[in-house]
Amino acid sequence: MVNWRNVRLILHREVRDQLRDRRTLFMIAVLPLLLYPALGIGMVQLTILFAEQPRTVVLLGQAHLPPTPQLLKGDRFDSTWFLNPADAEKLHVVADGAPPAEPADADAARRAARLIAAAREIRHEREREQSLQADADAAEAKWHDLARRWEQASAAATTTGEPATAAAVSAAEQDYEQRAELVRQCRLRQVELLRSAPMQALVLIPEGLAEHLEAINKNLAERGPGVKGVARYPRPEIVFNKADDKSQITHNRVREAMNAWDGAILKTQLALAHLPDEFPHPVQPTSTNLSRDGQESARLWGQLFPILLVTMALTGAFYPAIDLCAGEKERGTMETLLICPATRTEIVLGKFFTVMVFSCMTALLNLVSMGLTGRHIASMSGGTASAAQSLALPGPAALFWIVLLLIPLATLFSALCLALATFARSTKEGQYYLTPLLIVTLGLVVFCASPGVEIEPLYSVLPVAGVALLLKGLLLSSMGAVKLALYAVPVLATSVGYSALAIWWAIDQFSREDVLFREAERLDVALWVKHLLRDKEPTPGFAEALICFILIMFLQFGAMRVLTQASSAADSAGAGIAAMRVLLVQQLVIIAFPALMMGVMLTTSLRQTFRLNWPGWQILTVAAVLPFFLHPLTVELAASLHDFFPPLPVEIQGVLKNMSNENLPLWLVLLAFAAAPALCEEIAFRGFMLSGFYYTRRTGLAIGLTSVAFGLMHMIPQQVFNASLLGLVLGLIALGSDSLLPCIVFHFGNNALAVMHSRFGDQVPGALLTSIEDGQLRYRWPTLLLAAVAAGLVLRWLARRCAHHAAPRAGAAEPQANTAEQFSPHGV
Amino acid sequence: MWYAVRMIHVEQLTKSFSDLRRGLIVALDHVSFDVQPGEIFGMLGPNGAGKTTCLRLLSTVLRPTGGDATIAGHSVTTAPEKVRSCIGFMSGNTGVYDRMTAYEMVEYFGRLYGMAEEPLKARIEELFTTLQMHDFRDVLGSKMSTGMKQKVSIARTIVHDPPVMIFDEPTSGLDVLVARALLKAIAALKDQGKCIIFSTHIMREVEKLCDRIAIIHKGRILAAGTVAELEERYAEPDMEELFFDLISRHEDPAAAQPW
């Protein structure tokens, strides 16, 4: 029974303690309150700094510009050519034809003269480059022609034209290389000139532009024979360097101005030709934006708030949790607390609520501070309505949801951080453990924030992602309120579930002596490996089982490309057989082999590790019969969850199609899909890993971990789910019989039934018990009821047997330990 | 009340754990002893002898792997909360909170021990007077000297007036003056009829303070009895020599073996 008075006492103390800690206060309260205003000030200053740097554009051939419409106005582009007239101030134009604006300013005049000289040199280089490029192109064509002819000559003796020799080809190639090099050098020189002048862009107005335009206008006005001939004349050129950001931005601005200018000239021409303005855009559609006022701002907040809420809830939990657990160990007050009458659960709950308070506070303070700063900046930016709107805060209903959804988030993070921080020996170690948590969470949140990702059934049961997406949906109001409310149920329910699991883990950590009193010993990997190889035990340890799992996952990941390639295109029998072969090899090499090797190298008893015992006929029979009970349930469960999971990737569908591929012999399909997995996966999972996870004699933990590992190995959500459930059954069988054989039998039975179902299922006559839907055999409810009752009874029997087995085993381990205790001091 | 005679009853208490380097470690090996009220039971042993493990088992911070101990009639395995509420425990590992004042610290633990507000206030006043802590009642733990911290620890240990008190090397790291004051305080507690376990590796403290002692080494009790009894049994008037003899005699046979 939890004594809530103790929990409250501990909570009060810890909160007060944290509030007295300068570091925590800074992280939790001061930083968010200062950060956003500071960011705002920084942004404003940056924009000022940015705005005060006009870029230099040199324009050559001002004399050739048409007098109207006027492109330049003094040393700027005419501000009418910009969407935002103020942008004209950001470009400083030095033109060659202009008389110096202020002749008195000799300095500016000299600078302008230098720029124009450099610009002329660039223009010269441009012209040179064009002729060089033409030469190079010719040389290249010649080389290719020679090479082709030489190839023909060596292939068949018949040639057209003069025969080419290898020497001629290589000479032509060299010639081309040299010329290409000249072009490159010419380019480099232009870049260098542009950079050193310094100018960000150069506009070259070709000779006679004004006359050409004049001619066209005249032609149009006089309704002449057409403008075909007249319209072909050189156009202006903008020279810039895309590799340089400043040059790139300048180019964009110049292009904007000149496009607008171009539009104005076109308009004049259209008017002269008595054509409507819309003439050049016969079918250009118009865009209609249906968003209401305020929805634009919702979009911004909808993307920003979930990210901020999640990260801040995590950081807010992170530092207090480390201080409360690892810090308490470090400062030597943990034992003081442990000897008071409060139970471990009460202590953990007290600490947990403290962390949660700070997590919520941090997140809320951040949101408030950011919202207020955003609004202030918007109001400051001087009434541009769009800006003010895009920063307006979401309404009270949305705020209510934010606060409501913050609670499950904070609960989950607080419990997770607490468990990790309990495990850590020092605050420094705690920070190491929590960084991966932060990275994983950030990844999830960024995924959720990316446009187009919306809440779906599968996402709604994922931790963190469900909450973030629900919040996003609420703020964006992109989905109906009813639908979101429906999603709120699974999101909140799963969040509560995850949080409960995390709290349970934290309490478990807190109750373990080896975690609370871990000596600050340095982990020496070499020593550890030596220890593993030298002090072998009959069965693998916890860490070894974990490493085996990681190894298998890595191998799977590494071999994934090969496997999918080999098994995707499998329609014909030949390809199908190849795919079966790949599957078999994968099972043997990636799954069974690592586990067997680790068993041989790291344990002394293969018999115990891989459970090579005779289980007795009773449980063997049960293992053989149980698949028949579970199969209808599995099929119906998968069918009912069909819409829940995302559709299978095409490659996997290809592989699974082989199960029902009539071209493949049945024995091969059974071998690849049932026999090999039954043997190999059982060796790895119920053999090595279950033995390792059972090291601490915690039956539930061992079975749970093994089945999760077994599920994860299957990679695809549907199979992960299905395999995890089967893993639980297999774990019960393994521990209940202490033998691998019934597991293999059950696994084979299960997979073989799945193969039969997909291959022959549609041939079963539908009746009271079964039906055919979409070419698939489905089971009706009487079958399901019978199967469920039978499976339930068998599983209960197995669970009892498992508990029965576990108890004497623990008892058997005890005298063993005792003998070790008795003999070790004397024996050595 | 039968347990009035044996306030602490330890029977075959065993604690073993596995260690990465050394394999299975038996920190405490079938240890048994009793302690009566009004008695100070000294545990004497070198570093790593198992004293701290034994006392941690009694304070229920660790769980025994074998045997049992009852304190004031409560078993450490089945009723750890009850055991904790009737002992006061102080060791080098039970620090003082940095960000709490002396008064807050004692008050906090008093409340955790389930004391009502009024008696708690009176008790704190009484303790602060007898331990002369009034001048630093509002000083934060981080600002206290070692002596002040020690006083706070004592006040924290006895605030709920427990019948059983356990002191695990309480004088380590203290200067002579503070250590002396502490030993005096412990002696005064004994006169109040408390049942006290006191562990140390300093002979002088044992000789001065303890009614009975147990010499513990490598998780086992090598000898137990009053100082006089031990001196008589081993015909060695000097306690320090006796201790050294016992330890090395136990070490020797193992050390002499070639394998």
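1. In this predicted model, the area buried between chain B and chain A is about 3900 Å². Carbon and sulfur atoms give 51% of that area. The contact involves 43 residues of chain B and 43 residues of chain A.

2. Charged and polar pairs also cross this interface. The rule finds 6 salt bridges between chain B and chain A. One of them joins E335(A) to R56(B), with the closest N and O atoms 2.8 Å apart. The count of residue pairs in polar contact between the two chains is 15.

3. On the side of chain B that touches chain A, two or more residues each come from β1 (8–19), β2 (23–35), α2 (80–85), β6 and α3 (102–112) of chain B. The largest share, 6 residues, belongs to α3(B). By residue type, this side of chain B divides into 17 nonpolar, 14 polar and 12 charged.

4. Chain B also holds an open sheet of 6 strands, in the order β6-β7-β8-β3-β9-β10, with mixed pairing. Strands of a sheet pair through backbone hydrogen bonds, and the pairing may be parallel or antiparallel. In this sheet of chain B, β6 (87–91) and β10 (220–226) are the edge strands, each pairing on one side only. Direction ignored, neighbouring strands are turned by 15° against each other on average.

5. Within the sheet, strand β3 (residues 40–44) and strand β9 (residues 212–217) of chain B run parallel and are joined by 4 bridges. M43(B) stands opposite A214(B) in β9(B).

6. Helix α6 (residues 176–191) of chain B lies across β3, β6, β7 (164–168) and β8 (195–200) of that chain. The helix runs at about 150° to β8(B).

Terms used
Residues numbered from 1 in each chain as written. Chains lettered and ligands numbered in written order. Predicted model: local features only at pLDDT ≥ 70, side-chain atom pairs only at ≥ 80, totals over all residues. Heavy atoms only, no water. Pairing = 2+ DSSP bridges. Axes fitted to C-alpha atoms, helices over the stretch in contact; angles between N-to-C directions. Contact = heavy atoms within 4.5 Å. Buried area = accessible area lost by both parts, 1.4 Å probe. Salt bridge = Lys/Arg side-chain N within 4 Å of Asp/Glu carboxyl O. Polar contact = N/O pair within 3.5 Å; in protein donor to acceptor, adjacent residues only side chain to side chain. Nonpolar A, V, L, I, M, F, W, Y, C, P; charged D, E, K, R; others polar.
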